Structures are given as structure tokens and as C-alpha cells.
Amino acid sequence: MTKPPSASRFRPARRLASLSDHGGLVAEIDRRRLLRGGFSLGALAMLTGCDVTDDDAVQRGLRAVSGWNDRVQAALFRPDKLAPTYDRAQVVRPPRFNAYYGIEDVEPVDGAAWRLELAGLIGDRRPWTLREINALPAQTWIYRHVCVEGWDYIGQWSGPNFRLFLERIGADLTAKYVAFRCADGYTGSIDMPSALHPQTILATGYADEPIADPFGYPLRLRTAVKLGFKNPKWITAIEVTNSYPGGYWEDRGFNWFSGL
Amino acid sequence: MTRQMHPPAIRIMHWLNALAMLVMVTSGWKIYEDEPLFGTVRFPDAITLGGEAQGALQWHYAGMWLMVANGLAYVVYGLATGRFRRLLLPIRPGELLATVRDALRLRLGHDDLTRYNPVQKAMYVGVLAIGFVQVISGLAIWKPVQFAELTWLFGDFQGARIAHFLGMTAIVLFVFVHATLALIVPQTLRAMLTGNPGGTR
């Protein structure tokens, strides 16, 4: 059974942008929230005019622990540990949609005009066409997609193995990060060991069909060892780098490593 | 000098644990809000911690270190000093039932607060066991691939979420009973602040 698309956090980015045009109204709402918050557990901190989490020192502390948690997760990561796999009969069709906006706002990518740009520590940075991607040997994986929100589903993804692709383009496999840029402006990055994990692929297909527009056509990342938001869709550029690239949600406070 | 009922180490760990639990439960409620397990069970922002999901997640994954480090220290201390054996054991079913009967007749004596009655022993051992399972289900949710075997114990990812939620519910109920009784018999609260119940013996 598929659940309806989440109507929670992945939408507000645009709504907030339009709200900023109504500063006075927003301030008024904030004041009301502050009053309502009188009973909240953060009441003590609110007396000084700030939410516990918004306080600069607290925020720095929490981000520092999040950075520590990145290192702990990297240490826990076992490159040869495979995620559980499932049967074709368990595959959910269609997959569950998520983005920082609603499914109705998806702008389809033209596969014929699409190019995959390469940058950074890569030997051959020539752009790839979809035809060239599709000519690579593909593999199919049926594993779980786990969203940071708490939902999950079993999906069947196919496309070239990412390690094979990185080797083919002469990427520096000792580099720290692989970063992604997407057609919708989304950005993301993962650590190299996760990029080289056997179940990490550049997905072009879902359930024996080309990926449908809302789920990343023509090319998205699928990895079994990261939360859903670490699997960028509609990828247009890949960079291999040693300087921390961050990402859309990571820059907004979500843990960077986010390994499963 | 006689031994204090609650030595300083125990009191420090008790209140650190209270703080850690407050952080874990209230941030957990905010995380839950993104994908509620039970439609009617919701947690208004006013009683959650973290502001938004990412803030709540940051608190949860920071609080877990305090919770686990403090909990480990407590278990090592309890085993090494014999405190667990002295205060929490043995629990005899017959005595447990007798104490429940006395309590229901409002004839439960608490002349000596330095010795736990069988119901207290069962509650404390029970909440420690639930706390342990809570750590396991938490790991199963955090790392369903690296610790896939733990996730399997709960069926699947959603099973681990449900177990984690039920564990939280049991702990919150325990805290409610625990705090209510501590307020009804304030000497117990004094003991956890100063080391001894004081007052009449």
C-alpha cells in the first residue's frame, strides 16, 4: 500500500519564501506563538526571548554534536555490509514522492537534451548523454527506502553501479566526497565509501520501467545505505571533491552523513 | 558515618537521566509528528523540543549520548557496588501480590523508605529493562542496514518505530506514577536531593 505524498516539511520551503513578503503578519503570528508557548517546556528559555534550539550557543553545540555523529556513523559504516533485499512482489508502485515542494510542481526533464556534467577530481570530465548512460551494464536492486520523516517502502531500482561509473570516468576514489546538483536546484553530497557501496547505483529505471518524472527521470542516485533525502533526483552534475559540499537539507540542519 | 540511601553519584546520575529523558521524549515527539504512527495520537508543538524536525533530530541524537553514557555508568555502578542486588532484589511474587493488596486497601506502610517494597522493586527493574529495549529499538531505527539484525528483531523498520513508541509510552507512564508517588511521600524526593529521607523513621 502506498501512502499519500507527505504534506509535511518537504513543502514549506516555497511557502516560507512567499511569507517573507508579509513580515508584519509573520511577526504577529510569531508573537501569538510566543504567548501560546508560555506553557511549553522551552518556556524558561523563551522568557529571554528565544527558542531553546534557536539560541546561537545551543545551535552551535547541537551542530557540533551532529558533526561528531557524522564521524561515528562513518566509523560504524561497513563497506561490505549489504542492506536486506526483497522480492519483486513486495515492490511498491509507484514509489512514494518526496521533494522540497509538492508533486504538482515537478518540472519534467527532457531526456534527449539532458546532459550529465562532471567536475572536480575526475580524469575524463566529458559530459554524458542518456544514451551513453543506458549503454553501461545495469544492475537491479530491490531494497528499502527510508525517509528521515519515518516512512519507508520497498522499491526496485536499476541502472549502472555507481562504483563502476566512477571508475569509468577516472574519478579519484580516495577523495572524500561526491556532490550532486539537480535540475530543480536541489543539491546533495555523500561520502566516498557510501558512493562505492555495492548497492549504490545511478538509477534510470524503477520496477522494470524508466523512472517516471516525479521520481527523478532521467537519472537519480539510489543507495541502500543512506536516508531518502541523500538520494538526489534529476541529477545534472556530479563533482568529486575533498572540500565539504553540504547540501539542501544538510545546510538546513539535517545530519550530513545520515547513514542507515 | 552511616551509608547514605542515595550516594552523590546516584543522585547526579538520577537527575542527569531525568534531563536526558526529558530531551529524548520531547524531541522524539516532534520527530514522530512528521509521520505519525497512530492518526489520533499527536503532540502539539508547545510540548515538543527542537522547533522543526531537524532541530528535534539534532536534540534526539545529542541527548542519546548523555542518556546512554549516563545509563551505562549507572548500570556499572549498580552492579559493582551491589546496589542493584541490595535494593532491587529479590522480587518474590507472593510478596509482590501482598504489597499490591495492601496498596489497594491504602494500608501500604512506608516506615523505612531506605528499603524498597516489592512493587517498587518490580517497577524499577521493569523500567530498566524497558530502557534497555528502548536503546535496542533506537539503534534499529537509526541504523536499519548496519544493525539490520536489530531491526529484524522488531519485524521491520516500522515495527522498530512502533516498539520505540510503545517503550516511550511505558517510560512516560512510569515517570508519571514515579513522580506522583514522590510528591505524595515527599521524603523520597528529599532523599534523591540530599541523600537521605530525613524526618521520622
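In this predicted model, Pro90(B) sits in the loop that runs between helix 3 and helix 4 of chain B. The peptide bond that joins Leu89(B) to Pro90(B) is cis, and its omega is about -10 degrees. Chain A also has a cis peptide bond, which leads from Arg93(A) to Pro94(A) with omega near -10 degrees. Pro94(A) belongs to the loop between helix 4 and strand 1 (117-120) of chain A.

Trp234(A) is found in the loop between strand 9 (220-222) and strand 10 (235-241) of chain A, whereas Ser258(A) is placed in the segment after strand 10 of chain A. Buried means under 20% relative accessible area; with 3%, Trp234(A) is therefore buried. Ser258(A), with a relative accessible area of 5%, is buried as well.

**Strands of chain A**

Strand 4 (residues 177-182) and strand 5 of chain A pair in the antiparallel sense, over five bridges. One pair of bridge partners consists of Val178(A) and Ile190(A), the latter in strand 5 of chain A. The hairpin formed by strand 4 and strand 5 of chain A has four residues between the strands, and Gly185(A) in this hairpin takes a positive phi near 90 degrees. Strand 5 (residues 187-191) of chain A is largely enclosed by the rest of the structure, because four of its five residues are buried.

Chain A also contains an open sheet of four strands in the order 2-3-7-8, with antiparallel pairing. Its edges are strand 2 (138-146) and strand 8 (209-210) of chain A; each has a single partner strand, so one side of each is left without a neighbour in the sheet. Within this order, strand 3 (residues 152-160) and strand 7 (residues 205-206) of chain A run antiparallel and are joined by two bridges. Trp157(A) stands opposite Tyr206(A), a residue of strand 7 of chain A.

**Helix 5 of chain B**

Helix 5 (residues 118-142) of chain B has 25 residues and, at 1.5 Å a residue, should span 36 Å; the C-alpha atoms at its ends are 36 Å apart, which agrees. The buried residues of helix 5 of chain B include Pro118(B), Tyr124(B), Gln134(B), Ile136(B) and Trp142(B). Against which elements do the buried residues of helix 5 of chain B pack? They pack against helix 4 (56-76) of chain A and, in chain B, against helix 2 (53-80), helix 3 (83-88), helix 4 (93-104), helix 6 (148-153) and helix 7.

**A nonpolar patch on chain B**

Met123(B), Phe176(B), Val177(B), Leu181(B) and Ile184(B) make a nonpolar surface patch of about 490 Å². Helix 7 (residues 157-184) of chain B provides the largest share of the patch, with four residues. Ile184(B) lies in helix 7 of chain B. Is Ile184(B) buried or exposed? The cut-off for exposed is over 50% relative accessible area, and Ile184(B), at 60% relative accessibility, therefore counts as exposed.

Conventions: Residues numbered from 1 in each chain as written. Chains lettered and ligands numbered in written order. Predicted model: local features only at pLDDT ≥ 70, side-chain atom pairs only at ≥ 80, totals over all residues. Heavy atoms only, no water. Buried < 20%, exposed > 50% of the residue type's maximum accessible area, 1.4 Å probe, protein only. Pairing = 2+ DSSP bridges. Patch = residues over 30% accessible without salt bridge, like charges linked within 9 Å, V, L, I, M, F, W, Y side chains within 5 Å. Areas by Shrake-Rupley, 256 points an atom, 1.4 Å probe, with all protein chains shown as cover. Salt bridge = Lys/Arg side-chain N within 4 Å of Asp/Glu carboxyl O. Expected span 1.5 Å × (residues − 1). Contact = heavy atoms within 4.5 Å.
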